[in-house]
Amino acid sequence: MKGTLFYSVSKMVTVMKMKKKVVIPLEKLCEYLKHTPFDQYLSPDTLTEFASCFDGVIKSRPGKEIALDSHKVYVVCQGEVDLSTAYPEVDGKVEAKGFLCRKRCGDIINVTQTERDVKRRMTMKVGKAIDVAEDIITTGSGESDIVLVSSTMKALNDFTAVHPELAAPIKAICISSIEDRLLTISFLEGIPRSKLNVLAAMCRYEAFDANQVVFNENSVGTKLYLVLSGTALVVAKDKLSSSRDVPSSSRPTSSYRRAIEKSIVLQRSFECGGNQKPLTSSAGEVTIAELTTGSFFGETALVFDIGRTCSVKTSEKSLFLTIDRTDFRNFLRICSTIETTLTTSIKKRMVSKLSSLGIPFLTGI
């Protein structure tokens, strides 16, 4: 059928490890990959074909260090994997092992973002700039055995050559430079790439289908999102919609409407800082902003323990890069200046919005 490749479900993915053959049926491998961001872009047929690219298997146990090939992409299929590195102590003389983040089932361990990322290092000045950090260390964690599957870039390139429509999302997940993406986030500007490499290792991919809720208004915020592809909308409840079906004598006054509109404008300052659009209303919601490739949102959750002030939902299939608050706080141990920069950025944005509302005591700030 037009060059479609067929694979028997009886095909096995194998690898030699300690003279014992590890076998994962292709059908089981497909089930593993359904928990990854790849699944959003694959049909049942292409999923089977794509799964055949992952012909490498690593099995390990909690507490054991796992050696990874720098030219492969890994998927966590079972168990948990901790990433850690070394960082300088306060006195600048002693190296200490530092936990960075934990990868769980469905997460990508992307050693091949770019070849220059094979050595992830930090630097510090002790008279002159020197390397003080080891490569990122990968160790089995949790209570259950660990299973990772891997693919070479050649196998993935061969797959996308047959399916060019899938090249963009697969490339975004497998080989795009996360560091370059992170540099588009304003509060990360100026961070040495050596430290940005560490933050990149802590990022996760999350894929959403069209018209899917990313998070709801008033929900607990725990992540920052960076749009890699697709489009998302920032929306708030339309507090005026309920007044449209009541007698005109009972409807809110124009001054009340302006106050409500101002409160919505203020809401947008908490969850996003750019790509804003004129307020539009439909189905009881007001669209505050449209977020496209390169936009980021939800950064307030990294430093403030408050609920989400708006909702965000996708308008088409979208892929996000996310940074979890717990992981971000671990990163602050090696780059503490970021918290001050981020907090200042959010406060400035809020003050700017408050000033624009014409509140007397804020005029001129």
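Biologist: How many helices and strands make up the secondary structure of the chain?
Modeller: This is a predicted model: local features need pLDDT of at least 70, side-chain atom pairs count only at pLDDT 80 or more, and totals for chains, interfaces and linings use all residues. Residues are numbered from 1 along each chain as its sequence is written, and side-chain values use heavy atoms, without hydrogens and water. Helices (H or I, at least four residues) and strands (E, at least two) are DSSP runs numbered from the N terminus. The chain comes to nine helices and 20 strands.

Biologist: What percentage of the residues in the chain is buried?
Modeller: Buried means under 20% relative accessible area, exposed over 50%, and partly exposed in between (1.4 Å probe, protein chains only). The chain has 365 residues, and the buried share is 48%.

Biologist: What share of the contacts with a separation of 6 or more joins residues 24 or more positions apart?
Modeller: A contact means heavy atoms within 4.5 Å. Take the contacts in the chain with a separation of 6 or more; residues 24 or more positions apart account for 74%.

Biologist: Which residues of helix 2 meet helix 1?
Modeller: Helix 1 brings L26, L29, C30 and L33 to the contact. From helix 2 come L47, T48, F50 and A51.

Biologist: Which strands stand at the edges of the open sheet of four strands?
Modeller: Two strands pair if DSSP finds at least two bridges between them. The sheet has the order 12-20-14-18, with antiparallel pairing. Each edge strand has a single partner, so one side is left without a neighbour in the sheet. The edges are strand 12 (204-208) and strand 18 (296-297).

Biologist: Which helix packs on that sheet?
Modeller: The packing helix spans residues 167-174 and touches strand 12, strand 14 (223-229) and strand 20. Its direction makes about 10 degrees with that of strand 20. This is helix 4.

Biologist: What is the bridge partner of F208 in strand 20?
Modeller: Strand 12 and strand 20 (residues 318-324) pair in the antiparallel sense over five bridges. In strand 20, F208 has as its bridge partner S318.

Biologist: Is N211 buried or exposed?
Modeller: N211 lies in the loop between strand 12 and strand 13 (213-215). Its phi is near 60 degrees, a positive value in a residue other than glycine. With a relative accessible area of 65%, N211 is exposed.

Biologist: What is the phi of N218?
Modeller: N218 lies in the loop between strand 13 and strand 14. At 58% relative accessibility, N218 counts as exposed. N218 is not a glycine, yet its phi is positive, at about 75 degrees.

Biologist: Is T138 buried or exposed?
Modeller: T138 lies in strand 10 (residues 137-141). Leaving aside neighbours within four places in sequence, T138 is in contact with K64, E65, I66, L68, V81, D82 and L83. At 6% relative accessibility, T138 counts as buried.

Note on methods. Axes fitted to C-alpha atoms, helices over the stretch in contact; angles between N-to-C directions.
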